[in-house]
Amino acid sequence: MPLDRKQREGDEVLLMGNEAIARGALEAGIRVAVAYPGTPSSEIIETLSRFAETGKLYVEWSSNEKVALEVAAAGSFAGLRSLCVMKQNGVNVASDFLLHLGGSGTRAGLVLVSCDDPGALSSVNEGESRHFARLMEIPLLEPADFTEAKEIARWAFELSEAIHNVVMVRSVTRMSHASGNVVLGALPDRPVKAAFVCDGPVSDPDTGPVISTPVVAKHRLQQEKLRRAASLFEESPFNRYEGPESPELLIVTSSACLLYSREAVTILNAQNRVGILKLGTTFPLPQELIARHLRTADKILIVEEVLPFLEEQIKILVAERAGELGIKTFFGKNDSAIPMVGELNPDLVAAAVGRILKIDPPTVPAEYAEKVRELSAIAPKREQTFCPGCPHRASFWGIREALMRDGRNGFVCGDIGCYAMASLFPATGYHISRTMHSMGSATGLASGFGKFKPFGMEQPAIAVCGDSTFYHAAIPALINAVHQNSEMVFIVLDNGGTAMTGFQSHPGLDVNAMGEKVPLVDIAALCASMGVPVSTGDPFDLAGTRETLNRLMEEPGVKVLILKQACALAPEKKGKKKYKVSVDEALCRGDACGCNRICTRIFRCPGLLWNRKKKKAEVDEVICAGCGFCAKICPAGAIRCEEAAKP
Amino acid sequence: MTDMLLKDPYNIVITGIGGQGNVLASRLLSNMLVKRGFKVTIGETFGMSQRGGSVMSHIRVSAKSVWSPQIPKGGADLVVALEPIEAIRVLAAYGNPAVRTLVNVRAIYPVGVITGEDEYPSEEKIREAVAALSAQAEFIPATDEAVRLGNPILGNIVMIGAVAGLGVLPIDAELFESVIREGMAAARVEPNLRAFAIGRAAVARK
């Protein structure tokens with residue numbers, strides 16, 4: 001079962017990739033582990049928080065990724081091995097500090113883990129974080145299976161200390177969220193005392209100030225560190241070749257793509273024709289090693305997800321060594337052998353290899369495929385939706401009613417969290433977010449929209465953000481809006497935790513990742529300190545939300561509304577119903593007279609069903625969370641709420 | 001119970017809706033197989049599981065090596081569906097004439113069905129389609145049985161019991177008990193054992 005303190009060295013256990021990374025960091029003796037949560041990375045710190053112990057392992061959910069990396073770097077500067085974790089777009093947030101950190105260098109091992117999400121299984125982007133390693137001139141490692149995830153995470157700290165710089169490890173969803181057998185190694189137990197030695201000369205990396213100046217000299221030193229990493233990579237066990245001595249086709253790959261490539265070759269039964277060079281060290285490349293393998297084949301297929309990171313580097317290598325390596329035929333992203341967007345799988349790689357070697361991949365029998373076509377059509381699609389009892393559905397319903405009453409064609413700038421779903425399905429009622437970008441961007445956009453009245457823009461702008469997003473990135477934009485005297489309503493959808501990624505703590509809560517009681521930063525008090533009016537409400541109070549919002553939209557300047565109601569999945573709510581909800585069939589008008597099935601067709605709560613035979617709405621008691629909000633939207637008053645009996 | 005795999009790798013898909021305990025079911029089954037000495041790879045899609053979407057775990061079981069966390073199309077040997085139309089969706093992508101399929105018959109309506117835009121097929125139609133696309137198809141009232149045990153979430157454990165009842169994998173009640181005793185509070189063990197036994201009997205007696 002999950003990684004825990006009971007397991008011992010030598011145990012073979014089933015670990016999720018993220019747990020394997022956490023275990024590798026523990027085996028490296030980390031003292032500091034810091035992150036901002038984000039799928040698919042969150043389980044690394046969640047796992048480590050189970051090993052947290054005062055004075056032995058400090059674990060923190062930081063307010064955002066840049067702060068997280070700064071905290072982790074402080075650990076390194078103080079002589080503590082430190083880990084910082086984020087999802088792919090978190091690296092963008094941390095990148096300004098990362099640029100300067102790469103220049104200043106580090107002390108004790110510092111590792112940045114980025115978990116990318118090819119195919120955007122739980123993201124609103126397909127960001128490619130590997131390019132940051134190249135851009136920031138720091139080494140990059142990519143594990144290709146679960147054992148290697150642990151080993152690479154462990155070794156990355158040694159590498160960081162060998163070159164005195166931060167090292168990046170990149171995972172992907174299909175590695176982080178996949179699981180496999182891992183044999184546990186030893187957990188070191190060396191005592192450690194933290195101290196920041198900083199009274200030496202500027203030129204001494206171990207005792208001087210940790211700064212990126214003098215820039216040119218430090219930049220030169222940084223590149224020497226990369227060359228040192230490259231020479232270590234030439235001998236790295238994380239780079240391996242499997243296949244015949246002189247393959248007809250050489251696949252060069254990394255990460256989970258190794259497993260897809262290996263399976264593709266098996267599917268095509270082409271083990272004697274195809275070789276696979278798997279790289280675990282993908283920046284800077286081990287050039288001699290790669291050149292040795294490029295000599296063995298004329299056709300090269302590069303299998304990687306998102307952008308052509310390896311492909312471009314290898315093509316440069318081949319161009320530089322053209323005399324020695326000769327002419328190669330490349331397949332990859334550039335010729336569309338491998339799709340440029342979306343995630344890969346064994347079938348896509350088999351199709352690419354099959355086209356190159358002129359082998360048709362096996363398919364299911366035609367008769368079976370025909371049956372599938374005929375029979376699978378009966379399965380209706382399953383869209384994502386707000387959970388039953390979700391306060392966001394109620395908030396957006398209230399905002400929608402206020403916007404309709406306001407009548408100036410106002411709109412909502414959406415943000416990142418479960419409430420991002422309000423920007424999907426634009427055809428239906430309360431899905432009214434009309435922009436969606438990075439965390440906190442709704443507030444910055446609304447700050448801009450609110451200044452365009454002199455250009456004739458009359459539409460009111462409303463920005464929404466979640467409570468965790470508020471601390472992460474909305475505050476600077478809100479300060480800007482206040483200072484610029486923009487006209488906007490800023491709504492905080494406060495559901496009491498970082499709900500989408502699994503209820504991690506944030507600065508608005510009085511408990512931290514260590515489980516300690518800590519001071520909280522109150523959203524309302526912070527907003528009020530900016531000198532703007534702050535209202536609070538309960539999204540389940542529909543009339544109250546509507547009235548407050550309409551009043552605020554009439555007022556000049558920045559107005560803050562905090563809509564506070566715990567997530568329907570919050571541990572304190574789960575399984576507890578406030579109301580027993582039912583439909584009075586005598587009152588339900590159904591299709592007949594004008595409501596047009598507002599409850600099921602527009603409100604779309606999974607707890608409400610449309611009974612096609614009776615032509616009446618009904619409540620699915622297994623699914624209904626008992627919030628009672630739907631009773632407020634039924635124009636006929638047919639939805640009844642009784643206080644639920646206490647369990 | 002067999003000691004060997006019928007095929008290497010043996011490919012299992014567990015599918016359902018967020019909240020049905022899909023991930024726990026795949027972990028429990030896989031942990032049993034790791035205890036038997038196999039290499040197991042699980043690939044999971046659960047990033048959106050809290051929001052009513054389909055959830056799917058791909059389990060690859062091998063005596064030898066690590067396999068891709070995604071099963072190739074048409075490559076499932078066993079499909080375990082915690083929700084009936086998800087069985088059809090998975091068979092359409094990963095089914096083949098030799099696949100075995102276990103279906104929990106309790107429907108969970110997609111939002112399009114709730115709104116009246118789409119129609120949910122009758123149980124009879126679902127049974128016909130699953131049977132036509134499988135070499136062996138078993139339909140188990142797992143949620144009903146779990147409700148009788150006092151908690152609908154145990155439906156996933158009834159289905160794991162049904163997998164044991166099929167006899168295609170080296171797992172039994174004793175192994176199941178050793179795995180859940182490691183990861184669960186003592187009070188939860190007993191209902192889980194009962195759920196497992198019910199599922200096992202539902203398939204084994206046929």
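Guide: A nonpolar core is a set of buried Ala, Val, Leu, Ile, Met, Phe, Trp, Tyr and Cys residues joined through side-chain atoms within 4.5 Å. In soluble globular proteins, nonpolar side chains tend to be buried together. Please note that the model before us is predicted.

Visitor: How many residues does the largest nonpolar core have, and which have the most contacts inside it?

Guide: The largest core comprises 73 residues, and A:L48, A:L83 and A:L301 have the most contacts inside it. Its largest share, nine residues, is supplied by α6(A). Domain 1 (12-234) and domain 2 (240-357) of chain A each contribute at least three residues to this core.

Visitor: Which residues does A:L301 touch, not counting residues up to four places away in sequence?

Guide: With those sequence neighbours left out, A:L301 touches A:L249, A:L250, A:I251 and A:V252, as well as A:F331, A:G332, A:A337, A:I338, A:V353 and A:I356.

Visitor: What is the domain assignment of chain A?

Guide: The assignment divides chain A into domain 1 (12-234), domain 2 (240-357), domain 3 (391-564) and domain 4 (579-643). The centres of domain 1 and domain 3 of chain A, taken over C-alpha atoms, are 33 Å apart. Their contact involves 20 residues of domain 1 and 17 residues of domain 3 in chain A.

Visitor: Let us turn to helix packing. At what angle do the axes of α1(A) and α6(A) cross?

Guide: An α-helix has 3.6 residues a turn, so residues three or four places apart point the same way. Here, helix α1 (residues 17-27) and helix α6 (residues 146-163), both of chain A, have axes that come within 7 Å and cross at roughly 35 degrees. The crossing of α1(A) past α6(A) is right-handed. On the α1(A) side, A:G17, A:A20, A:I21, A:R23, A:G24, A:A25 and A:E27 take part; they meet A:F146, A:A149, A:K150, A:E151, A:A153, A:R154 and A:F157 of α6(A). The residues of this contact comprise seven nonpolar, two polar and five charged.

Visitor: Why is α1(A) described as largely enclosed by the rest of the structure?

Guide: Eleven of the eleven residues of α1(A) are buried, so the helix is largely enclosed by the rest of the structure. The buried residues include the charged A:E19, A:R23 and A:E27. After α1(A) comes A:G29, which has a positive phi near 80 degrees.

Visitor: Where are the cis peptide bonds to be discussed?

Guide: In chain A, a cis peptide bond joins A:T39 to A:P40, with omega about 10 degrees. A:P40 belongs to the loop between β2 (32-35) and α2 (43-49) of chain A. In chain B, the bond from B:D8 to B:P9 is cis, with omega near 0 degrees.

Visitor: Is B:T101 buried or exposed?

Guide: The cut-off for a buried residue is under 20% relative accessible area. B:T101 has a relative accessible area of 1%, and is therefore buried. This residue lies in strand β5 (residues 100-104) of chain B. Leaving out residues up to four places away in sequence, B:T101 touches B:V79, B:A87, B:L91, B:V130, B:S134, B:Q136, B:A137 and B:E138.

Visitor: Is A:A645 buried or exposed?

Guide: A:A645 is exposed, at 71% relative accessible area, and is placed in the segment after β24 (639-643) of chain A. Between A:A645 and A:G280 there are 365 residues in sequence and 58 Å in space, C-alpha to C-alpha.

Methods:
Residues are numbered from 1 along each chain as its sequence is written. Chains are lettered from A and ligands numbered from 1 in the order in which they are written. This is a predicted model: local features need pLDDT of at least 70, side-chain atom pairs count only at pLDDT 80 or more; totals for chains, interfaces and linings use all residues. Side-chain values use heavy atoms; hydrogens and water are left out. Axes are lines fitted to C-alpha atoms, for helices over the stretch in contact, and angles run from 0 to 180 degrees between N-to-C directions. Helices (H or I, at least four residues) and strands (E, at least two) are DSSP runs, numbered from the N terminus. A crossing is left-handed if the near helix is turned anticlockwise from the far one by less than a right angle, and right-handed if clockwise. Contact means heavy atoms within 4.5 Å. Buried means under 20% relative accessible area, exposed over 50%, partly exposed in between (1.4 Å probe, protein chains only). Domain bounds come from an automatic or database domain assignment.
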